[in-house]
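Hi,

Here is the structure I promised to pass on to you.

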Amino acid sequence: MEKSILIVDDSFSLRQTISIALRAAGYHVVEASDGRDALRQLDGRKFNLVISDLNMPHLDGLNFVREMKQMAAYRFTPVIMLTTESGEAFKQEGKAAGIRAWVHKPFQPAVLLEAVAKLVLP
C-alpha cells in the first residue's frame, strides 16, 4: 500500500517541488497551504508522515503540530519541520511539540527523501 504524506507550506512552488520528489519516490502526497488548511485535511485519513513549514499565515507550523498531536488519530504521526529557522530555541520548542526532524531550506531533495525514509510510518 502506498504511504501518504501531508505537505504543509504556504509556498505553492515549494509544495510542488516537494511533491514531485516524493511522488517520484513512490509516495502519495496531499498538500495544504497553511496550518489551518492542514487541520482540515486531518479528516481521519491515515498519513504516514507530515512535512510542515514553520512560518505560515493563519496558523504556523508549530501551532499546527500542537493541534495535530491533540487528535488521537495523529498523535503518533511523525513530523518533519522544513524551515529557514535554525535557532536552538525553535528546535527545542519543536521537539517538545512532537517534531521529529528539521530540514533546512534551501534543501536538496535527496536530503529530504533520506529524512522521509527514516521517519515514515509503516
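The buried residues of helix α5 are covered by elements that include β1 (4-8), α1 (12-24), β3 (49-53), β4 (79-83) and β5 (101-104). Before going further, a word on the source: this is a predicted model, in which local features need pLDDT of at least 70 and side-chain atom pairs count only at pLDDT 80 or more, while totals for chains, interfaces and linings use all residues. Residues are numbered from 1 along each chain as its sequence is written, and side-chain values use heavy atoms, with hydrogens and water left out.

Helices (H or I, at least four residues) and strands (E, at least two) are DSSP runs, numbered from the N terminus. Buried stands for under 20% relative accessible area, exposed for over 50%, and partly exposed for in between, with a 1.4 Å probe and protein chains only. Contact, touching and packing refer to heavy atoms within 4.5 Å.

Back to α5, which spans residues 109-119: L112, A115, V116 and L119 are buried there. Seen down the axis, these residues fall within an arc of 100°, so they line one face of the helix; the arc is that of the directions from the helix axis to the C-beta atoms. On the other side of α5, A110, A117 and K118 are exposed.

At the start of α3, a side-chain oxygen of D60 comes to within 3.0 Å of the backbone nitrogen of L62.

Now the cores. A nonpolar core is a set of buried Ala, Val, Leu, Ile, Met, Phe, Trp, Tyr and Cys residues joined through side-chain atoms within 4.5 Å. The largest has 22 residues, of which L6, V8, L42 and F64 touch the most other members. At least two residues come from each of β1, β2, α2, α3 (61-69) and β4, and α3 gives the most, with 4 residues. Apart from this core lies another, of 19 residues, with I51, I80, V116 and V120 among them.

V120 sits in the segment after α5 and is buried, at a relative accessible area of 15%. Leaving out residues up to four places away in sequence, V120 touches K3, Y27, N48 and L49.

Two aspartates may interest you as well. D53, in strand β3, is buried with a relative accessible area of 4%. Its side chain has a polar contact of 3.2 Å with that of K105. A polar contact is a pair of N or O atoms within 3.5 Å; within protein, one must be able to donate a hydrogen and the other to accept it, and residues adjacent in sequence count only if both atoms are side-chain atoms. D53 and T83 are 30 residues apart in sequence, yet 5.4 Å apart from C-alpha to C-alpha.

The other is D34, in the loop between β2 (28-32) and α2 (35-41). The side chain of D34 makes a polar contact with the side chain of H58 at 2.7 Å, and also reaches the backbone nitrogen of R36 at 3.0 Å.

Best wishes
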